[in-house]
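Please keep the sequence and the 3D view open while reading.

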Amino acid sequence: MDDLLRPRSDLSESRVSSEKVFDGELLHVRRDMARLPNGHTSVREYIEHPGAVAVVAITDAGEIVLERQFRYPFGRVFIELPAGKIDPGEDDLTCGKRELLEETGYVAQHWRHLFTFNPLVAYTTERIELFEARGLKMERPRLDANEFLEVFTAPIPTAIEWVRTGKISDAKTMLALLWLGQFG
C-alpha cells in the first residue's frame, strides 16, 4: 500500500535562480527559475509564510470555540477557528496558547497536536499546525491592536452542518471540523 504513496519517476525540480519580488510585513514573494524533470526551465512564483497554528478549542459543554472576523481580500465576515502566525523563534504550542488567549480569552489545561497541513501547496510555503485544546477557563481576551473579532461557541454538529451548507468556507476550519466529525 505504501507503494501508492511513492512516485514512479523523479518529479523533483531544482532552483536555478531566485529573486525576491516583494518583502512585506507578513508575506514575502519570490520568483525562481526552476529546472524541470525534463531538463527545461520554468518560472515558479510563491509566497514565503512563517507558518501558523489553529486551535480546536472544545468547551466542557462539548461546544467548539469559533470567531467571526472580517477578511479584507473577500470583503466579508468569515467564521473561523482561533489561529495566528508563528512568531520568529516561537514553538508551535506556545503560539497556539498565545493565540487562544489573545483572541478568545481562554486558557486550556489540556493540549494535543492533531496534525500539520499545507493549505496551498501550489504557491505558498505556509504550514498550519492544528491543536486541540480542552479544559478551558475564561480569562480576558488580549486582542492585538487593530484586531476586531467576535468569539462564540457552537455545538460541533451544528458547526459541521455549517461546513456542509457553505456557511463555513475557511479551509482550516472546514478541515478541523470534518476531522472532528470523523475522528474526534
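## A pair of facing residues

Val55 stands opposite Phe131, a residue of strand β9. The model in which this is seen is a predicted one. Strand β4, residues 52–57, and strand β9, residues 128–138, run parallel to one another and pair over six bridges.

## The sheet

Strands of a sheet pair through backbone hydrogen bonds, and the pairing may be parallel or antiparallel. Here four strands make up an open sheet with mixed pairing, and their order is β7-β4-β9-β8. At the edges stand β7 (83–85) and β8 (106–117), each of which has a single partner strand, so one side of each is left without a neighbour in the sheet. On average, neighbouring strands of this sheet are turned by 25° against each other, if direction is ignored.

## Helices on the sheet

Helix α1, which covers residues 92–104, packs on the sheet and touches β4, β7, β8 and β9, while its direction makes about 125° with that of β8. Helix α3 also packs on the sheet, where it touches β4, β7, β8 and β9, and its direction makes about 95° with that of β8.

## Where two helices cross

The axes of helix α2 (residues 156–165) and helix α3 (residues 171–183) come within 9 Å and cross at roughly 125°, which means that α2 is oblique to α3. The crossing of these two helices, α2 and α3, is left-handed.

On the α2 side, Ile156, Ala159, Ile160 and Val163 take part in the contact, and they meet Met174, Leu177, Leu178, Leu180 and Gly181 of α3. Sorted by class, the contact of α2 with α3 has eight nonpolar residues, one polar residue and no charged residues.

How values were computed: Residues numbered from 1 in each chain as written. Predicted model: local features only at pLDDT ≥ 70, side-chain atom pairs only at ≥ 80, totals over all residues. Heavy atoms only, no water. Axes fitted to C-alpha atoms, helices over the stretch in contact; angles between N-to-C directions. Parallel < 35°, antiparallel > 145°, perpendicular 65-115°, else oblique. Left-handed = near helix turned anticlockwise from the far one by under 90°. Contact = heavy atoms within 4.5 Å. Nonpolar A, V, L, I, M, F, W, Y, C, P; charged D, E, K, R; others polar. Pairing = 2+ DSSP bridges.
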